[in-house]
Amino acid sequence: MKIARFLLLFLVTIGLTWFLNTNNPLGTALPPLGKLLNPFDGLWQNTKTDAASSFKDLKLEGLKEGVSVVYDERLVPHIFAQNIEDALFTQGYIHAQHRLWQMDISSRAAGGQLSEVMGSRTLDNDKLMRRRGLGIAAENAVKGWKRSKTYNNVQAYIEGVNTYINSLSPKEYPIEFKLLDYTPTEWTDLKTALFVRLMALRLNFRHHDIAATNSLNIFGQETFDYLFPERNPKQSPIIPRGTAWNFDSTQVALPAAASDAIGHLLPYHQKEMPPEGIGSNNWAVAGSKTASGNPILCNDPHLGLTLPAVWYEIQIHTPEMNVYGVSLPGMPGVTIGFNEDIAWGQTNVGQDVVDWYQMEWANEKKTAYMLDGQSKPVQYRVEQIKVRGGATVIDSVKHTVWGPIVYEDEQSGRKDLAMRWITHDEPKTDEMASFLKLNTAKNYDDYSEALIDYAVPAQNFVFASREGDIAIKVNGDFPIKKQGQGKFVQKGNTSANAWQGIIPKTQVAQIKNPERGFVASANQHSTDDSYPYYYNGPTFDDYRGRILNRKLAEIDNISVEDMMQLQNNNESIFAEEGLSLLLQHLDRSKLNTVQIGLVKILEDWDKQFKNEAVAPMLFMEWYKQFYDLLWDEMAVYKDSIEVLQVEDWRTLQLLEEEPLAVFWDVKDTPERESRTDIVTQGFLKMHENLKDKLDNKDNNWQSYKQLDIRHLTRTIRPFGRYNLPANGFKYSLNANRTIAGPSWRMVVDLGEEIKAYGVYPGGQSGHPSSAHYDDMIDKWAAGEYYELFFMKNADDTRQNRLFTQELGNVK
């Protein structure tokens with residue numbers, strides 16, 4: 001069948017090529033179709049990505065010595081090199097070979113350069129990325145890297161990428177280059193930095209200052225504090241409650257932040273904010289709690305799911321290290337993984353490291369601003385945005401002592417906002433050395449030393465070693481803030497509103513070998529409120545951390561299989577608590593026979609978010625309708641300004657404890673409702689909305705949730721996978737949601753011989769025609785794992801191997 005289809009399409013292609021190569025009848029949005037369909041240079045050549053000839057032995061200028069690359073049956077490369085620089089050169093070459101377009105488009109997205117290849121439809125996004133200062137952040141990162149002793153490792157990686165790019169002829173370009181009709185360009189340290197800072201944007205950029213300022217102005221201080229408390233009293237923090245802090249807390253005593261909040265509404269809708277609920281789980285259990293007596297470390301970072309996948313699996317073996325895990329295409333080394341002595345993993349820290357300042361201009365032209373009673377000149381950064389098919393757009397971005405002016409009020413300038421973001425800062429440590437030090441670490445001291453160099457985005461680094469130690473550090477660069485600082489937009493005319501420095505790495509929240517026998521994080525608060533430094537955050541998790549700590553405390557004699565089951569756990573405390581409260585306050589006398597049947601389904605539900613179940617769909621739609629009725633005060637601002645949304649835990653607390661709250665009232669009705677009225681109305685609306693689904697075969701959680709893994713373009717549908725049968729929910733440990741979820745699951749048993757298991761939703765190849773483009777998705781969706789082939793040497797045959805590629809120098 002494949003041969004017949006090939007011959008038919010080949011004949012059609014030959015007939016159309018001459019005409020279409022010089023005349024695109026479908027318009028300028030498409031590349032010349034003849035060029036695209038040319039059998040010698042066009043799309044046909046992209047069907048050969050898995051051919052053995054793609055992995056033939058090569059002589060490469062840039063290598064110092066020979067390198068062997070063994071590909072296993074999942075196309076995971078195992079690099080055997082005689083030195084680190086050759087290993088990273090080879091990693092760069094292989095990243096480019098399998099993920100070049102992904103690397104290119106990611107760096108373009110970060111640098112505000114999409115319009116150069118996609119035209120005016122991406123112009124607004126490019127402007128925003130440049131106004132946010134991603135370019136400055138990347139340039140400052142490179143400045144820091146060039147001062148470091150390990151910059152040669154970055155250069156080796158870049159040289160490997162470019163060696164592959166320079167070897168390509170047009171027929172060998174990845175298919176997306178052909179579809180978008182552009183050419184790959186030289187990889188640089190700036191592109192690597194843009195990629196690294198793009199990850200920071202995804203992980204540490206979320207903030208609510210503008211929405212909180214608007215909410216404060218609408219509701220007033222008392223109501224704001226009532227609706228939006230900073231901490232959930234039920235939350236189980238990463239560092240256990242009552243942990244003593246082994247540093248002098250008197251040195252961090254600071255006055256409260258100024259209370260003179262901005263007194264007017266801010267109209268800005270912040271595009272492309274990182275989605276809520278992107279988080280992760282990690283934990284390590286001590287040998288005292290495991291069946292084998294070995295520590296076990298687990299990690300499943302939750303990110304937006306795309307094809308090509310976020311991660312690239314790899315092993316790197318040199319005389320200095322033997323490390324296995326996942327890497328980020330565009331960056332050298334292994335980001336999450338293990339070696340022969342330790343394992344480590346990461347989750348995102350939810351602390352707010354973005355603050356906003358309202359500017360006071362010194363003149364009408366906005367060429368200077370006021371600071372501490374003096375006029376300060378604006379610094380301009382002229383951004384030239386090339387637009388395919390159009391004229392170059394010039395955007396002169398104003399920069400201040402706080403950072404770039406991201407949002408400007410064209411009328412009065414009274415609402416112009418500057419942004420202070422930790423990611424803009426030039427790294428003061430050897431940032432790029434951090435992961436390479438982890439890759440070679442042998443014990444807790446090495447792990448701690450490696451993290452001194454780490455800056456952004458802040459991560460909860462979990463650790464376990466064969467020596468028996470377990471630990472976790474809430475690690476990164478954190479600003480020292482006054483109490484309450486950063487919750488609202490601040491006045492930018494006084495340096496008193498500046499951060500007070502960076503928390504020393506010796507004083508970040510951390511714990512080693514706790515008595516309870518495990519460490520764990522799931523993006524919840526880092527500490528209880530005894531931690532001497534103030535921090536706030538818009539996205540701390542309120543449910544996964546609680547169930548993770550509860551489960552780990554309950555079980556002993558733990559096996560690897562137990563940990564796999566825990567990563568795939570679909571229970572939710574949110575459903576446990578929320579459904580009980582909703583059912584308690586439901587007026588069943590208002591329900592018909594069918595609706596009473598739905599109540600029975602909910603009462604019998606085990607609170608597991610499984611694909612085939614109907615109850616999760618009923619519960620979540622009921623809660624959504626209940627929430628919208630309760631908080632209709634916020635909905636009226638949806639199309640005009642940003643306001644805060646009341647968190648789910650606070651909503652349930654109100655339902656449980658406060659029957660007389662003024663918010664039990666639907667604004668569109670003349671009478672005042674009770675909580676029972678709103679719960680019951682929500683149930684009736686749920687039934688109305690789900691009638692069609694309940695009447696057909698799509699009446700389950702899978703059809704309601706609709707988990708998709710889209711291609712990075714978001715528009716080429718055949719290159720994605722849709723409506724995947726993966727269990728889970730954003731508030732369960734298996735935190736699958738519409739376009740996000742566990743991007744890599746890893747379980748490592750640190751015995752005398754390391755045993756590790758992993759899977760991610762994608763495949764090693766970034767080429768859609770490859771058998772290894774999405775070959776791991778089905779196993780991932782089913783909650784299954786691969787045993788990771790941690791090779792001892794290049795001759796290791798304990799698992800199947802596809803082929804070996806020998807790379808030599810040109811001498």
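**Salt bridges in close-up**

**View 1. Glutamate 571 and lysine 551 form a salt bridge, with 2.8 Å between their closest N and O atoms.** In this predicted model, glutamate 571 sits in the loop between helix 14 and helix 15 (573-584) while lysine 551 belongs to helix 13, so the pair ties together parts that are 20 residues apart in sequence. Glutamate 571 is buried, its relative accessible area being 18%, and lysine 551 likewise counts as buried, at 18% relative accessibility.

**View 2. Salt bridges with shared partners join six residues, Arg131, Lys366, Asp395, Lys398, Glu408 and Asp416, into one network.** Across the model as a whole, the count comes to 43 salt bridges.

**View 3. Aspartate 556 and lysine 289 meet through their side chains in a salt bridge of 3.1 Å, taken from N to O.** This pair links distant parts of the chain, 267 residues apart, with aspartate 556 in the loop between helix 13 (544-554) and helix 14 (560-567), and lysine 289 in the loop between strand 4 (280-285) and strand 5 (296-304). Lysine 289 has a relative accessible area of 6% and is therefore buried, the cut-off being under 20%.

**View 4. Within helix 3 (residues 84-111), arginine 108 and aspartate 104 are separated by about one helical turn, because they are four residues apart.** The two residues form a salt bridge in which the closest N and O atoms are 3.1 Å apart. Both partners are buried: arginine 108 has a relative accessibility of 7%, and aspartate 104 has a relative accessibility of 4%.

Definitions and conventions. Residues are numbered from 1 along each chain as its sequence is written. This is a predicted model: local features need pLDDT of at least 70, side-chain atom pairs count only at pLDDT 80 or more; totals for chains, interfaces and linings use all residues. Side-chain values use heavy atoms; hydrogens and water are left out. A salt bridge is a side-chain nitrogen of Lys or Arg within 4 Å of a carboxyl oxygen of Asp or Glu. Helices (H or I, at least four residues) and strands (E, at least two) are DSSP runs, numbered from the N terminus. Buried means under 20% relative accessible area, exposed over 50%, partly exposed in between (1.4 Å probe, protein chains only).
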